[in-house]
Amino acid sequence: MTTLPERAVRRCHSVVNPLHSTVYFAPDYANELAALGLEERGAVYFVGRAAAFGRVGAGTVTATFYNFKHDLVARHIPRAWDVVSPEDALAARLRAADSVLRRLLGDDALASKELAETAELALRATEACSRSARPLYAAHADLPVPEAPHLALWHAATLLREHRGDTHLMALTAAGLDAVEALVSHTATGKGMSPKWLLATRGWTAEELAAGQDRLRTRGLLDEAGELTEAGVALRESVEDETDRLDAAPYEHLGAAGVARLTELAGAFTTRAMEAGAFPADLRSKN
């Protein structure tokens, strides 16, 4: 039983995670990889997150990323490793994180005592993360912690993101939501990716996404207008509640006061990054 305030885990994650994911919406990492010879923009995200595994095949990436169509993954993995090694991809990703955070937050913020405190709190939370049944987290947990505070924070945000992400897949599977159903039901909550971004990034066709909606309608989770029914809202909320429960250990370890402070500090930096244009305005299904 958690001793934290209700939804404290979710609130903290919502402001820590963007500090990691800014890298995937900036051109820096793609440019770093292009300089190493990997010029396929579609491979950037797969290489960025999968490099911690080493030279894995498409099956591992599809399984652990969950909501990407396997055909799209296999178009780039493992062929990308013939161009850039996982080790070089990880080094390039860290260089990209440095340039992205410097641009979005500014050098003054990166050198501030507040950012150093945020990194310290986030790293302390990761001490209680679990490798069990969490492959993406476990792979990233084997990577060294960078010395620079802003990169240490980015690394800690990565660990917390992948720990929760792996946990979320457990909850989605238990709820009986396949890859497409997970995507379209999340979009229907108003918090997921817009249909435009789903089509552009996940490899599924409009027909496949529509078929996923039809399956949810059959289960009484989606109405004819594509909105969640009462049962659909309840199911999505139960998925998030279960994710919170299974992801609570790092935040319990930090304690209520530590979680509140991390949420406050990370929230300020995330707000600053968003105001600097860290994410596309049309990314979310409802703004």
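**Reading rings, cores and cysteines in a predicted model**

Mentor: Let us begin with one detail of this predicted model: the charged end of Arg-49 sits over the ring of Phe-65, 4.5 Å from its centre.

Trainee: Is Phe-65 buried or exposed?

Mentor: Phe-65 counts as buried, because its relative accessibility is 5%, and the cut-off for buried is under 20%.

Trainee: How does Phe-25 count in terms of accessibility?

Mentor: Phe-25 counts as partly exposed, at 27% relative accessibility. Another edge-to-face pair is formed by Tyr-45 and Phe-65, at 5.8 Å centre to centre and 75° between the planes. Tyr-45 lies in helix α3 (residues 44-50) and Phe-65 in helix α4 (residues 58-65), so the pair ties together parts that are 20 residues apart in sequence. Tyr-45 counts as buried at 19% relative accessibility.

Trainee: Which residues do ring pairs link into a cluster?

Mentor: The cluster consists of Tyr-24, Tyr-45, Phe-46, Phe-65 and Phe-68. Leaving aside neighbours within four places in sequence, Phe-46 is in contact with several residues, including Phe-65, Phe-68, Leu-72 and Ile-77.

Trainee: Which residues have the most contacts inside the largest nonpolar core?

Mentor: They are Tyr-29, Leu-33, Phe-46 and Val-47, in a core of 70 residues. Helix α6 (residues 86-105) supplies the largest share of this core, nine residues. The core lies between domain 1 (21-105) and domain 2 (120-279), because both give residues to it. A second, separate core has 24 residues, among them Leu-183, Val-184, Leu-235 and Val-239.

Trainee: How many disulfides does the structure hold?

Mentor: As a general idea, a disulfide is a covalent bond between the sulfur atoms of two cysteines. The structure holds zero disulfides. For Cys-12, the nearest cysteine sulfur is that of Cys-129, 11 Å away. A disulfide needs the two sulfur atoms within 2.5 Å, so Cys-12 is in none.

Trainee: Are these cysteines buried or exposed?

Mentor: Cys-12 is buried, with a relative accessible area of 0%. Cys-129 is also buried, with a relative accessible area of 13%.

Terms used: Residues are numbered from 1 along each chain as its sequence is written. This is a predicted model: local features need pLDDT of at least 70, side-chain atom pairs count only at pLDDT 80 or more; totals for chains, interfaces and linings use all residues. Side-chain values use heavy atoms; hydrogens and water are left out. Buried means under 20% relative accessible area, exposed over 50%, partly exposed in between (1.4 Å probe, protein chains only). Rings of Phe, Tyr and Trp (its six-membered ring) pair if their centres lie within 6.5 Å; planes under 30 degrees apart count as stacked, over 60 as edge-to-face and the rest as tilted. Helices (H or I, at least four residues) and strands (E, at least two) are DSSP runs, numbered from the N terminus. A charge sits over a ring if NZ of Lys or CZ of Arg is within 6 Å of the ring centre and within 35 degrees of the ring normal. A nonpolar core is a set of buried Ala, Val, Leu, Ile, Met, Phe, Trp, Tyr and Cys residues joined through side-chain atoms within 4.5 Å. Domain bounds come from an automatic or database domain assignment. Contact means heavy atoms within 4.5 Å.
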